[in-house]
Amino acid sequence: MEWLKKDLFANDKPVIVFMHQPVFLSDYADELGNADEILDIFDNVNFAAQTSQHNGKVVAVFMGHDHDDRYGIRNNVHYFMINSATYVYYEGPHYFKDSIFAFVTLSSGKLTIQGRRTIYRDPVPEQIRKRFPTTISDRKLWL
């Protein structure tokens, strides 16, 4: 945590964070144990950047672990939960027919995600199909 604080506060450029365990958007954020502490660091870094008028702020966070496709904004930070490449785990594994992935492009402050989609390899219960889409969503936004 000290390294994260030191690194983010010393930065003078926009930052994109990549992490495995989600700190936001998850139904299981408490699994991490210190999600609130990490979110607090992002908030403090961005507040310091705003008050000193420099660009060293957290603009986006990519997370995994939950095998889901979600997006949300918290305190002007874009949070992306990226789906698993091969399966959803809910009451057992449910495998995709093809691996999915996404291309992420950054250009002049614009972030573009081109996601891939597939279908389930085997029949799955309707509740799984409804709750866990077999895709990584396309997105275009300005950071």
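**Salt bridges in the predicted model**

Mentor: Asp43 has a relative accessible area of 21% and is partly exposed, a class lying between buried (under 20%) and exposed (over 50%), judged with a 1.4 Å probe on protein chains only. This is a predicted model in which local features need pLDDT of at least 70 and side-chain atom pairs pLDDT 80 or more, while totals for chains, interfaces and linings use all residues. Residues are numbered from 1 along each chain as its sequence is written, and side-chain values use heavy atoms, without hydrogens and water.

Trainee: Which residue forms a salt bridge with Asp43?

Mentor: A salt bridge is a side-chain nitrogen of Lys or Arg within 4 Å of a carboxyl oxygen of Asp or Glu. For Asp43, the closest N and O atoms of the pair are 2.9 Å apart, and the partner is Arg74.

Trainee: How many residues apart are Arg74 and Asp43?

Mentor: Arg74 belongs to strand β3 (residues 70-74) and Asp43 to helix α2; helices (H or I, at least four residues) and strands (E, at least two) are DSSP runs, numbered from the N terminus. The pair therefore links distant parts of the chain, and Arg74 is partly exposed at 22%. The separation is 31 residues.
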